[in-house]
Amino acid sequence: MSHQPIRFYQTGTFTVGNRLLPAEERSVQAKARRTNSLNSGHRACQGCGEALGARYAIDAAMDATDCQLIAANATGCLEVFSTPYPETSWQIPWIHSLFGNAAAVATGIAAAMRVKGRSDVRVVAQGGDGGTTDIGFGCLSGMFERNDDVLYICYDNEAYMNTGVQRSSATPPAARTNTTLPVGEALGNRFGQGKNVPAIAMAHEIPYVATATVAELHDLEAKVRRAMQFRGARYIHILVPCPLGWGHGSAETIRMARLARETGLFPVFEAEHGEVTSVSKIRRQLPVQEYLRPQTRFAHLFRPPGHPEVIARLQQLADRNIRRFGLLDGTEAAP
Amino acid sequence: MLKQIEGSAAVAEAVSLCRPQVICAYPISPQTHIVEGLGKLVSAGQLAPCEFINVESEFAAMSVAIGASAAGARAYTATASQGLLFMAEAVFNAAGLGLPIVMTVANRSIGAPINIWNDHTDALSQRDCGWIQLFAEDNQEALDLHIQAFRLAEELSLPVMVCMDGFILTHAYERVDMPTQEQVDAYLPPYEPRQVLDPAAPVSIGAMVGPEAFMEVRFLAHAKQRQALELIPAWASEFKRIFGRASGGLTHGYHLDDAETVVVALGSVLGTIKDTVDEMRERGAKIGVLGITCFRPWPGAAVREALDGAKRVIVLEKSLAVGLGGIVSNNVSAAYHGAPDDVYTVIAGLGGRAITRASLARAFEAAIAGQLEPVTFLDLDHSLVDRVMAREREHRRSGPIAEGILRDLGVVASRIG
């Protein structure tokens, strides 16, 4: 069940008034006993969406498991900025092995817990979009197929940011990365078939799949909590804007995540055993330009003479999501 | 208890006696019978508590073992050939993290051309990955080395690879003395990890280390392996005390006392070499054999001592450092007192080519007569090679080498000797 709608106490903004909610409805992040699983002092960039997403997600998982949690981490920004020797920001048992094997390492940890009779200890694996949708995809699919008792969290910032912003299979069409430069006739990343990993996870019919963004903290925490109510393979795909790679202000991270959802470019939903069970409706639909324009990775689309045909294709992608998931109020998912 | 069983079955039973807690399996010939045997034991409940996980690749097999070992479980897997290469990144990683995983490598060649038969290219390609590498001469030793491997791995917090020749050992039915559970329990205490993922005492494993300390981390890995050179003979003695037979150790000597010529080799070919040496000694040749059981860490001092007094050394190896010659011989040369010219490299048995006593005797006698090439390919069909080279000179599009060779041979896979 998605955590929608949320009451808004400050009219005209989308800010959730945590202080005004009853204690039991407040976010884990607002609790005095939050675990600070990813502690302050790490080296993430200012405005890092991944740090925010990981902090929310792992604290929520700690809250849901009574602090009996072990994490396996793929190589990437999250790993690098959190554990420069001899420091670590992790307040939980945490292992980093390789770029492409976080799901399999987590499978091993879960197997060890089972063999030791520690069913109370739960396992999360986490990685960026590169470590999830590209190099770690085989291990991820294997973990899903076996239905291993692991929650895999993908923090999707839509490119290889740790290595300096190169294209991944999660990079949207038309986006500029350092391997999809808009030079000559090229207009950024080409329009391919896309790689919808939440849908691929659903095709495995695993117990639970959800998408979320760092713009909706309550929703994200509720999904982590829900995921922890299942045994078996679970997958949460969190959109985490990256000021460096997307080229937006570091204070704009949450707004970017919200715009991705409000335009329909990033559908936020939940699925159980391969069936969609809830979607987060778009509160106030916006054209994709509103999302694209503030990001320098799409700046080439707006420079004179402009590329309305490319923007129109991106709008079609958003419209398809809106239709497919029934993202507008009063609409149902397309059959 | 004496049993007449297949090598793979013997290893599977020995591993089960070591009470592994997580076994990850991905099939590749000739390793399959080992994991099949273990899977059967787990399914039958004879190995509880143990998780048997059918993974989707060798890379995942080693990764699952890494996770299980880091979480405090005794972890085991087995592979061969392309599988070892496919998991190579995780193989290095397991060593770097200091996780005491034990893995059987059923030694097999590496393609292309694809070939399922035995040589040592797979294991030796990983010689610098930080794992301890033990090579079994026969199935009894393969069985015994696995028991020693768990002890060694867990004591040092280092992974151990037990190498046994694919098909030649894995699929051979031999008599083995299977130890009892009590004996193995007396030798191998329960796994007590040095580092463990535990919510009660959180640690970060696998953090990034920069230039300020990376050298030290690597040195520690080296120092631990050097430490293993002391521990391996000690535990082989302990093994003998409990199990009543000598097995393992760094090297095995055979007729070394008066040997002017010493043949150095790894694995099952030592049996054929010893038979050849027996025959040559009957004819008066002063020749002996040095079997290398422990290839990593490299037992340089033991090799040097064993070769002391030898006038010439013949390294017979089932591997090839392409563009150089021998891998094992390169290691042996560094340990040998004598002149580098007195070390002969004989590359033999690649891709399962049979190594016969007649061929060995010819090569050894040629070396004694000073007529052996420094790097010799045993039983190489020179005319076949010449034809390929001629074709390449004549035609730009000379075609796939393997296909051309098979056409020249006129038969396919009917002759391995």
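1. Of the 417 residues in chain B of this predicted model, 49% count as buried. The chain is built from 15 helices and 16 strands, and because its radius of gyration of 22 Å is close to the 22 Å that the globule rule gives for 417 residues, chain B is as compact as a globular protein of that length. Along the principal axes, the C-alpha atoms of chain B fill a box of roughly 70 × 55 × 55 Å. Of the contacts in chain B with a separation of 6 or more, 77% are made by residues 24 or more positions apart.

2. Within chain B, strand β14(B), residues 312–317, deserves attention, since six of its six residues are buried. Both of its faces are covered, with R312(B), I314(B) and L316(B) buried on one side and V313(B), V315(B) and E317(B) buried on the other.

3. The pairing of β14(B) can be followed to two strands. Strand β11(B), residues 261–265, pairs with β14(B) in the parallel sense over four bridges, and V263(B) has I314(B) as its bridge partner there. Strand β15(B), residues 343–347, also pairs with β14(B) in the parallel sense, over five bridges, and in that strand the bridge partner of I314(B) is Y344(B). Between β14(B) and β15(B) the chain passes through helix α12(B), residues 328–335, in a β-α-β crossover that is right-handed.

4. Turning to the interface, 37 residues of chain A are in contact with 37 residues of chain B. On the chain A side, the elements that give two or more residues are β1 (69–73), β2 (94–96), α3 (102–115) and α5 (137–146), and of these α3(A) gives the most, with eleven residues. By class, this side of chain A has 23 nonpolar, twelve polar and two charged residues.

5. A sheet also links the chains. Two bridges join β2(A) to strand β9(B), residues 204–205, and the two strands run parallel; in β9(B), S204(B) is the bridge partner of W94(A). The open sheet to which these strands belong has nine strands with mixed pairing, in the order β8(A)-β7(A)-β5(A)-β6(A)-β4(A)-β3(A)-β1(A)-β2(A)-β9(B).

6. The edges of this sheet are formed by β8(A), residues 275–279, and β9(B), each of which has a single partner strand, so one side of each is left without a neighbour in the sheet.

Key
Residues numbered from 1 in each chain as written. Chains lettered and ligands numbered in written order. Predicted model: local features only at pLDDT ≥ 70, side-chain atom pairs only at ≥ 80, totals over all residues. Rg over C-alpha atoms; globule rule 2.2 N^0.38 Å. Buried ≥ 20, exposed ≤ 12 C-beta atoms within 10 Å, placed from the backbone. Contact = placed C-beta atoms within 7 Å. Nonpolar A, V, L, I, M, F, W, Y, C, P; charged D, E, K, R; others polar. Pairing = 2+ DSSP bridges. Right-handed = clockwise from strand over helix to strand, strands pointing away.
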